[in-house]
Amino acid sequence: MKMARIILVTLLLFNLVIVPSIAFPFGLDWGFHFGNNDDAQDDKQQVQPLPVFGEEKGNAKFGDGKGNEKLFEDEKLIANAAADGRAKLKVGFYSQTCPNAEKIVAEALAESVKINPEAVAQLLRLQFHDCFVVGCDASVLLDYSPTGDKVEKSSMFNGQLLKGADTVDDIKEKLEEQCPGIVSCSDTLAFSINEGMYLAGLPRREPLGGRRDSLVSLASLVEDDNLPQPNWSMEKMVSLFIKKGFTIEEMVILLGAHSIGSAHCDVFMERIFNYENTRKPDPTLTDPVVQEFQGICKNAGTQLFRNPTVNFDETPTKLDNLFYKNMVTRNKTVLVTDSNLINDPRTIPIVAKMAAENGLWQKRFADAMDKMGALNVLTGNDGEVRTTCRATNN
């Protein structure tokens, strides 16, 4: 029964997600890798009809961008996936089996953050990489797969840049000491994210629990365009997020995760030294921003070249709306995909709204993270509860 479900999920992904979508990582040093620039040029020449902006309630609309709405059956399935997932999860899931689970996670994460201030941003990115591939099933944490295939961790889109697994290991170990075999790795990660958002300045929320862990991890699914890249066009970004069940507004809000963390210089080096092979910086960046970035990132052709990190905004450990304010007031963005948000009429009003209303983005972001954390979850008798997050139980 378990294997049948895995096969069914894989087929569904190939039919609904992998074939038509593209890819983009998310979090501290969010692991962005440049793809082939020819793809971006093709997008400009072959723009497909895009979904129109959804209602305030977050209903995903699909159409031709002119108000003629169409909701296709396969798109409806994807759009409803997160809502269905949340319906399967519940607050207080471990109240009887491990009543101190949330407290254990909170205390362990607080200790980790003292040692590693970047832990929250790393965990945010880790969950994004987990949920956007197959679903929130902790498959990204496996070091090997029983099938013998390359695991998600070994994908070129993850690798050494995907951090945070050690933090999950430490927290899971403490959970196992008090509640052996009870709390799944996927819930451990989700509970850590929930607590991490509180530590980063958001109001405390009660986490949803009930996820179970995948038995399989496949690098091939990561590499089949399930994670976006930093030089993607808006069309590609919208297409992927819509396929995952998010509106354009929710996409802008989730990209606000760049309120925390940083990116390596080599991720956007071309943008500040040789944009589109012009040997000049991206003209959409102001001179002060270019000078700021070039002061940290030395040109690859010089002896002083290094690969340090650049913070997305001035408060890299705090979840706030400064990321949006910088866009509006300084035209400051690290990545091309972020720059696209202030150069597209569909997203400019959302960015302006998030920048203007303090506290609004924080609330919307927490809601969007709850939705993302419920994507294609395994519950009930599906999957298993791993005793260690790096390997299946058998």
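Reply: Start with Phe-268. In this predicted model, Phe-268 has a relative accessible area of 2%, so this residue is buried. Its partner is Phe-293, and the two form an aromatic pair. Phe-293 is buried as well, at 0% relative accessibility. Now place the two rings in the chain. Phe-268 is in helix α11 (residues 265–273), while Phe-293 is in helix α12 (residues 287–296). The pair therefore ties together parts that lie 25 residues apart in sequence.

The structure has 10 aromatic pairs. Another one is formed by Phe-241 and Phe-246. This pair is edge-to-face, with 6.3 Å from centre to centre and 65° between the planes. Phe-241 has a relative accessible area of 1%, so Phe-241 is buried. Phe-246 is buried too, at 0%. Both belong to one aromatic cluster, together with Phe-128 and Phe-132.

Next, the cores. The largest nonpolar core holds 80 residues. Among the residues with the most contacts inside this core are Phe-132, Phe-241 and Phe-365. Apart from this core lies another, of 16 residues, and Phe-268 is among them, as are Val-267, Val-289 and Val-290. In soluble globular proteins, nonpolar side chains tend to be buried together.

Beyond its neighbours within four places in sequence, Phe-365 is in contact with residues including Leu-124, Met-197, Ile-253 and Leu-319.

Definitions and conventions. Residues numbered from 1 in each chain as written. Predicted model: local features only at pLDDT ≥ 70, side-chain atom pairs only at ≥ 80, totals over all residues. Heavy atoms only, no water. Core = buried A, V, L, I, M, F, W, Y, C linked by side-chain atoms within 4.5 Å. Buried < 20%, exposed > 50% of the residue type's maximum accessible area, 1.4 Å probe, protein only. Contact = heavy atoms within 4.5 Å. Phe/Tyr/Trp six-rings, centres within 6.5 Å; stacked < 30°, edge-to-face > 60°. Helix = DSSP H or I, 4+ residues; strand = E, 2+ residues; numbered from the N terminus.
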